[in-house]
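Open your viewer, colour the model by chain, and let's take a walk through it together. Each stop tells you what to select and what you will find there.

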Amino acid sequence: MSRRAPPGPLDYGRRLWLRFSLWATFLFLYAPILMLVAFSFNDSRRNIVWRGFTLKYYEKAWNNDSLIEAFTNSLTIALVSTVASVILGMMTAVLLWRFRFPGKAPYEGAMSLPIIIPEICMGVAMMAFFARIGWPANLPWPLNLGAITIAHISFSFPFVAMVVRARLARFNPELEEAARDLGASQWQSFRDVLLPYMRPGLVAGGLLAFTLSLDDFVITFFTSGPETVTFPVKVYSMIRFSVTPEVNAASTVLIAITLFLTTIALWLQNRAQSS
Amino acid sequence: MVRDPHGRPPIISINGVSKSFPGGVQALADISIEVAEGEFFALLGPSGCGKTTLLRILAGFETPSKGDVFIDGRNMSRVAPNHRPVNMVFQSYAVFPHMTVAENVAYGLKVGGGDRSGIPARVEEALELVRLAGYGDRSPQQLSGGQTQRVALARALVKKPRVLLLDEPLSALDAKLREAMQLELVRLQETVGITFVIVTHDQNEALSMADRIAVIEQGRLLQVASPLELYEYPTSRFVADFIGKMNLFEGTNLGCAGGVLSVNVNGLGRMDIPCEDNIEGDVGLAVRPEKMLLYDHRPDDRLAYEAIVDKIAYQGSETRVFLSTGDGINFEVSVRNASRRAAAESASGSVWVAWHPADTLILRD
Amino acid sequence: MESWRRNPLTFWVFALPPSLWLAVFFLAPLALVWMMSFGEKVGLIDIVISWRPDNYLRAMDPLYLQIFLKSFWFAGLTTAVCLVMGFLVAVAITFAPPRRRPLLLLLVMLPFWTNLLIRTYALIAVFRTKGLVNFGLEQMWEWSQSVLQGVGLGDLGLLGPEFEPLQLLYNNFAVVAGLVYVHLPFMVLPLYAALDRMDRSFIEASLDLGAGHIRTFFSVVIPLAMPGIVSGIIITFVPALGSFLTPDLLGGTDSQMIANVIERQFKSANDWPFGAALSFILMYVTFIAIALRSLWAGRARRGSAA
């Protein structure tokens with residue numbers, strides 16, 4: 001019979017109190033979310049006692065037109081913002097990675113501003129900006145989402161740039177030189193070598209941009225009008241009224257979407273690393 | 001001067017090339033080299049000496065601050081890397097990780113445009129040349145270091161360049177494989193007949209592969225010569241010391257008469273060395289450790305000095321013996337272990353270190 | 001890296017679109033708010049830029065100073081709690097079996113990818129009067145009561161006449177708990193990165209030289225993990241300081257933070273110039289925190305080089 005050896009001096013991972021604190025933290029992090037998911041299926045309006053499985057809150061959420069509209073708005077904004085952020089972020093990353101130019105340090109500082117300044121500051125700035133330039137309010141869908149989308153691109157693309165640049169930092173410049181040496185033009189070596197190399201970063205950055213956009217409440221809260229409600233803004237106003245299982249159902253759907261996207265991102269990343 | 005038996009113009013001619021980087025770092029100072037067609041040419045020097053910069057100037061990744069480079073008779077000043085008749089094997093090999101071996105080799109043929117029908121055959125031929133036939137569908141991640149290097153070679157050679165540039169091609173390989181690849185590279189060069197220019201910091205590599213070697217130190221070209229000439233007749237202290245081992249002595253020039261140079265060596269006294277022309281000013285004298293012999297009595301036809309054995313380092317094929325005289329002059333002598341018995345018997349105590357005066361080098365730089 | 005002059009066309013192709021976007025849709029709005037912060041409201045909606053610092057002076061009013069202090073206190077407390085919890089988690093992950101580490105890291109990161117609003121909302125369900133915590137406490141209360149009953153002490157009312165739910169929501173506790181809940185992953189990542197990079201032999205050397213585990217932790221692990229600790233503190237403190245949603249949803253009337261005041265100026269109070277000044281003060285504080293970090297990093301680099 002093999003008995004488990006006692007923990008070695010550096011086997012902190014097997015010490016009980018440390019394991020306990022790890023699992024306590026996970027409980028703290030996950031219990032609320034799991035509760036939320038569980039109660040979206042609970043056949044009871046306010047009590048936390050389990051009264052049986054039901055999908056009626058999903059049905060309700062599905063039939064709530066304004067909720068669905070907000071959801072559609074959120075997805076549309078996230079999609080457009082992601083595409084634009086990936087392109088702009090890629091350009092920024094390549095620019096900062098490849099070139100020396102005067103004023104580069106302040107330029108980098110300005111590029112990281114959207115990442116570091118508090119959301120509230122960016123939110124009010126966007127609100128004031130669009131009010132000042134007189135952004136038209138009554139555009140038809142989806143043009144009425146323009147202001148929110150622009151704001152989302154502004155805070156997303158520096159994140160994409162950061163992710164892509166981190167990947168580029170490990171790029172072996174000899175690869176691009178090899179392409180040039182073998183006769184590729186600048187554009188060909190960019191297309192054939194640098195772009196494929198950046199792809200995992202672009203995908204990861206894209207998913208990050210998508211999640212950031214889908215997730216954003218504060219900045220959207222300041223740029224949205226009564227006609228342009230996104231999902232988080234809608235959920236916010238619902239919460240302000242009351243805590244209902246309907247919100248739970250809608251939230252669960254959003255959590256599922258984010259989980260799905262995160263899984264894809266991680267899977268892609270793993271595949272990129274193992275191949 | 002380039003010794004081309006057919007009197008052809010040199011394939012590479014580097015004319016007074018200097019390169020300084022922003023921040024005032026002078027990487028190369030007034031380098032002029034000519035490389036003959038079909039030569040296996042090595043740029044040798046310690047790391048950071050500028051040899052890689054020179055190679056990158058040939059490839060077109062750096063532009064010289066001064067001077068010109070001609071390849072195949074054409075001035076390369078305004079020619080982009082993708083239009084030069086040279087190809088390069090990079091230090092990291094730079095084999096594209098997202099392409100298969102065959103796609104890597106075919107890349108240079110595809111981006112050039114033109115007829116694509118012959119590409120697969122040429123790729124297969126190139127892979128055969130580097131003994132990687134059948135590896136075409138593999139991903140570079142599945143290859144060993146040596147195989148990756150062969151892919152890089154095939155990828156460059158398939159373009160049939162006028163000159164193949166190799167940047168420290170063997171530095172990433174382990175010792176055994178490195179030796180095998182040295183022979184392989186020489187074989188390859190003889191097969192394809194392309195001019196090879198290789199950058200290396202490893203003197204053994206340069207000596208065993210190259211037809212001629214250029215030694216570069218701190219951006220300056222010190223000597224261009226064949227391996228034998230470089231080892232036996234270095235012209236400067238740096239080259240003498242950098243290539244192989246060397247006992248160096250400093251002395252005062254007492255004058256040259258009748259083909260004999262007399263030098264008063266600090267701590268050893270007067271030495272008479274045969275010399276060809278008149279030499280003035282202070283000189284350094286140098287003797288290779290393997291040219292020195294150990295005697296238990298004073299031999300009469302050589303320069304000989306009595307010394308005490310300090311330390312012995314047995315190294316298999318040879319034994320290195322470290323000695324010193326009473327005046328604090330140190331010798332390093334290498335003794336070939338021609339038999340097991342000789343290997344077991346090691347010198348000790350007081351012995352005579354002796355060498356033939358003709359094996360003494362006179363260094364003026 | 002090459003000079004832009006060597007390749008001006010490529011440079012401009014890559015430089016222009018993102019630079020223009022940043023200038024027009026980010027820097028211009030910020031500049032506008034900055035100018036506005038030196039303006040004053042005339043009438044209902046008109047703002048005149050008078051270039052007077054009145055709004056900043058008004059922010060020094062004790063009423064607002066107190067809110068600033070409160071924000072600092074909340075963010076600082078949050079950072080401290082996150083640091084302790086984060087260190088435990090980071091150490092536990094670092095010393096977990098290598099195959100399990102990615103999964104554990106993922107488990108820490110996953111809530112971070114879940115919508116902030118939803119997470120905050122989930123906390124409400126846990127903390128409210130009839131929420132999970134109080135439900136659990138009530139169960140325990142009833143169970144203890146029945147035990148007391150069983151031993152014949154039930155009538156003494158030792159546990160009070162009936163269960164009184166804890167007030168966990170709409171107060172300072174809820175805000176700090178919510179901030180910790182939201183920001184913990186920010187702290188774990190840099191700490192884990194620092195610990196993971198650390199050579200185990202430092203710890204072994206310290207133990208070998210006779211130090212105990214606790215001594216080793218304080219005199220070897222913490223100093224070596226300092227860059228990670230400083231990063232963690234900054235990237236937890238800065239967003240916590242500017243939090244809007246957590247105090248808005250979980251806080252009571254006296255647990256408002258600076259972002260809530262800014263929001264009120266822009267939405268209900270409609271005093272944009274004052275809100276602009278407040279948001280720029282918040283931004284300056286953020287910049288100072290980040291500058292302190294780079295200052296620290298620079299000093300540490302010089303220190304290790306010397």
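**Stop 1: chain A and its domains**

Start with chain A, for which the domain assignment gives domain 1 (12–40) and domain 2 (58–274). Keep in mind as you go that this is a predicted model. Taken over C-alpha atoms, the centres of domain 1 and domain 2 of chain A are separated by 30 Å. Their contact uses 5 residues of domain 1 and 6 residues of domain 2 of chain A. Colour the domain 1 side of that contact by class and you will see 4 nonpolar residues, 1 polar and no charged.

**Stop 2: from chain A to chain C**

Of the 2 pairs of chains that touch, chains A and C have the most contacts. Here 70 residues from chain C meet 66 residues from chain A. Select residues 8–36 of chain C next: this is helix H1, which gives the largest share of the chain C side, 17 residues. By class, the side of chain C that touches chain A holds 55 nonpolar, 9 polar and 6 charged residues.

Which residue of S1(C) is the bridge partner of Phe99(A)? Click on Glu2(C) and you have found that partner.

**Stop 3: from chain A to chain B**

Bring chain C back for a moment: chain B and chain C do not touch, and their nearest C-alpha atoms are 10 Å apart.

**Stop 4: chain B and its strands**

Chain B is divided into domain 1 (12–241) and domain 2 (246–363). Their C-alpha centres lie 39 Å apart. The contact between them takes 5 residues from domain 1 and 6 residues from domain 2 of chain B.

Zoom in on residues 163–167 of chain B, strand S7. Since 5 of the 5 residues of S7(B) are buried, this strand is largely enclosed by the rest of the structure. In a regular strand, side chains alternate between the two faces of the sheet.

Next, select the neighbours of S7(B). Strand S6 (residues 86–89) of chain B runs parallel to S7(B) and is joined to it by 4 bridges, with Asn87(B) opposite Leu164(B). Strand S8 (residues 195–200) of chain B also pairs with S7(B) in the parallel sense, over 5 bridges; here Leu165(B) has Val197(B) as its bridge partner. Follow the chain from S7(B) through helix H5 (residues 175–192) to S8(B) and you trace a right-handed β-α-β unit.

**Stop 5: the nonpolar core**

Stay on Val197(B). Among the residues that Val197(B) touches, leaving aside those up to four places away in sequence, are Val35(B), Phe41(B), Leu58(B) and Leu165(B). What is the size of the largest nonpolar core? The core has 245 residues, and those with the most contacts inside it include Val197(B), Leu165(B), Leu58(B) and Val124(A). Helix H7 (residues 172–197) of chain C supplies the largest share of this core, 16 residues. Apart from this core lies another, of 14 residues, including Met292(B), Leu303(B), Ala307(B) and Phe331(B).

Technical notes. Residues numbered from 1 in each chain as written. Chains lettered and ligands numbered in written order. Predicted model: local features only at pLDDT ≥ 70, side-chain atom pairs only at ≥ 80, totals over all residues. Contact = placed C-beta atoms within 7 Å. Helix = DSSP H or I, 4+ residues; strand = E, 2+ residues; numbered from the N terminus. Nonpolar A, V, L, I, M, F, W, Y, C, P; charged D, E, K, R; others polar. Pairing = 2+ DSSP bridges. Core = buried A, V, L, I, M, F, W, Y, C linked by C-beta atoms within 7 Å. Buried ≥ 20, exposed ≤ 12 C-beta atoms within 10 Å, placed from the backbone. Domains from an automatic or database assignment. Right-handed = clockwise from strand over helix to strand, strands pointing away.
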